[in-house]
Amino acid sequence: MPRLFLVTLLTDFGARDPYAGAVKGAILRHCPQAQIVDISHDVPAHDILSGAFVLAHAAGHFPPGTLHLAVVDPGVGADRRILAAQFGGQTFLFPDNGIITLVAEAMPLEAIATVTNTAYLPPASASRTFHGRDIFAPLAGQILNGLDIRSLGPPPGTFKMLNLPSPRGSGQGVVGQVIYVDRFGNLVSNIPASLVRQTWPDTDRLHVRCAGRDVGPLRGTYDLAAEGELLAVLNSMDLVEVAANRARACDLLQAGPTSEVRIGPA
Amino acid sequence: MPRLFLVTLLTDFGARDPYAGAVKGAILRHCPQAQIVDISHDVPAHDILSGAFVLAHAAGHFPPGTLHLAVVDPGVGADRRILAAQFGGQTFLFPDNGIITLVAEAMPLEAIATVTNTAYLPPASASRTFHGRDIFAPLAGQILNGLDIRSLGPPPGTFKMLNLPSPRGSGQGVVGQVIYVDRFGNLVSNIPASLVRQTWPDTDRLHVRCAGRDVGPLRGTYDLAAEGELLAVLNSMDLVEVAANRARACDLLQAGPTSEVRIGPA
Amino acid sequence: MPRLFLVTLLTDFGARDPYAGAVKGAILRHCPQAQIVDISHDVPAHDILSGAFVLAHAAGHFPPGTLHLAVVDPGVGADRRILAAQFGGQTFLFPDNGIITLVAEAMPLEAIATVTNTAYLPPASASRTFHGRDIFAPLAGQILNGLDIRSLGPPPGTFKMLNLPSPRGSGQGVVGQVIYVDRFGNLVSNIPASLVRQTWPDTDRLHVRCAGRDVGPLRGTYDLAAEGELLAVLNSMDLVEVAANRARACDLLQAGPTSEVRIGPA
């Protein structure tokens, strides 16, 4: 396999300010061959859970050996640690604030290090408010150049995981909640499609409720509902999703994160 | 000419969710040398006409041999077809929903195929809601790797074209309508500059009206009007455009898509 | 050092329209090896000062030899000049409207040319409203291919600099103003950290006021304030910044560009 110089960026820096550009520049300064791919810079400011969700559902599709820089980092410059880890053949560089949670739940941990080796950290005079540019980007360039993440420092005893709600059984059904609302207004729940398929081999007879309203049976895709009609699917992230055909389910249902989603026999 | 691995993306996936990143990852997984260029991910959700407009006015400027992935696809997973085509030396991969309309009107068709060859389609177990990631991206990677689009399937008998309004003659003038409003608030009409120049060799004597108001003669560029003043130009897309110097014509005129635009001798 | 084909884009074209894509295509048509990196396309429309700010705080972090295309150009097609210049080892191509101001203040000028050589300008029939695509992009491609900017034309006698306010001494303190508000709502002032450190070797005893309110002493980083609390830092751009921990200082203070910022002994 030819050597990859592929690095993705996931941040809450926005697309308007100099921050994302400065990070790209600093990576390229350390590794001019870097191939930088934006996953997103539009994670809502300081929203670690949204960042964790986007990272988990984008990163795994990249080629093995890709480096993912995930910088949603409200604790920058304070005492939170910086970690480098390999999960499922992909490398991640991230603040230890829980942004890795959904990756760590989905992909096997293969290596992990706390970045403590002062050879790879900037002098004390560096910025304490922009580690993305001054620590993460130079490290990313050096990892692309071949630096083994195990030389960055010792493994942490543990690392921070967000305490997320789990779906639970209730009567004949499963009850979960909305964990993400996408730009189409689709409501993504925390109920795994695998759990649905294990519980009910015949998914044709199931109905989904969201925010107290019946949105009908599971459909194969959005366009099988009438235009503007609410519907539910087992989505491309293998989660139960409440949507509407060419319309915004979140508006139709006045629902959003933490709204209840319930699935079970009609 | 050296081999190109250039692929552009035009979608309505937004910049905030994992979708665009997942598509990029899936392309790179199939073709790690791919050079991915974003045209836009911010086409308004499900807005095929806006997608068609942006595609037509961006794609043609790329080098011959570029692959363009255009995924504004509200009918995903239902019975709409996926097409691959070559127009004017550029390759396009797109749902057969009309998004190719303005490219097809502007550039000569050189090859076209309906994607039916099961060797290039995912198993039935794949997602029916995210063909961008699960069908378009892997196909894009394989086309970049050298796959001839003619091996994807037979030509379609025909393909879907949006039924767009045409400008019409009226008295001494031509009447069209606004088909696109850009981020500057400029109102782009469907009246071709070529039609204007054919009809009136002396364009200096023409006046433009929009939404019932005279916006003056054609100017050479925006800055030739006073600051905040309405004006009209034959724009860089060779269309009649109503604008304002450093101001938003759409707000000044309370105009938008389908608003009438009229040009003729003063 | 291996040859770089690296070009960054900073524009106010937005992410939604065909303009940024058309520029990328036109660069690649002239230089297929070009590696295009977006700094931002979301500079507020026609906002030269914001563009100047973002350019200055992103460009310098790129590798020497990078070409930066900065097109915030409300005067397009009128009589403003197009300049190519080298500052601090980086090359810039830009309209002569002041967008280079903060780069020129921070980095040494090494070469500069007014683009007048008709061999590198399009025919008179070209668009007068989209020089980004029709002049800047082809020039960028040719510069990446090795064209010396000195062949583009003679040096201008001078070039336009924005007339920006300077911080001034007042009593025992320094008074400046907000010049930029970022996506986090942080208020960036025009008071250089270097001026603060020169004036008061002991920065621990300083207090910062913004919009008439005391926001406390300088902190090392955001997270050292309580959540939601206002604070001040010497930021990563070496400027005095008023922020709030995980909250929007601009909203808490009802402050924005030109709001007063004052620093001095408590």
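Between chain C and chain B there are 18 residue pairs in polar contact, with both partners at pLDDT 80 or more. By polar contact I mean a pair of N or O atoms within 3.5 Å; within protein, one must be able to donate a hydrogen and the other to accept it, and residues adjacent in sequence count only if both atoms are side-chain atoms.

Before I go on, a quick word on the model: it is predicted, so local features need pLDDT of at least 70 and side-chain atom pairs count only at pLDDT 80 or more, while totals for chains, interfaces and linings use all residues. Residues are numbered from 1 along each chain as its sequence is written, chains are lettered from A and ligands numbered from 1 in the order in which they are written, and side-chain values use heavy atoms, with hydrogens and water left out.

Back to chains C and B, then. How many salt bridges does the rule find across this interface? It finds 0, where a salt bridge is a side-chain nitrogen of Lys or Arg within 4 Å of a carboxyl oxygen of Asp or Glu. On the chain C side, helix H1 (residues 19-30) provides the largest share, 8 residues. Helices here are DSSP runs of H or I with at least four residues, strands are runs of E with at least two, and both are numbered from the N terminus. Sorted by class, that side of chain C holds 16 nonpolar, 9 polar and 8 charged residues. The classes work like this: Ala, Val, Leu, Ile, Met, Phe, Trp, Tyr, Cys and Pro are nonpolar, Asp, Glu, Lys and Arg are charged, and the others, Gly among them, are polar.

In terms of contact, meaning heavy atoms within 4.5 Å, chain C brings 33 residues and chain B 36. About 2800 Å² is buried between them, 56% of it from carbon and sulfur atoms. Buried area is the accessible area (1.4 Å probe) that two parts lose on being put together, summed over both.

Now let's turn to chains A and C. Here the contact involves 33 residues of chain A and 35 of chain C. Helix H1 (residues 19-30) of chain A gives the most to the side facing chain C, with 8 residues.

The copies use different surfaces, as 3% of the contact residues of chain A recur in chain C.

Last, chain A by itself. It has 6 helices and 14 strands, and its C-alpha trace spans about 60 × 40 × 35 Å along its principal axes.
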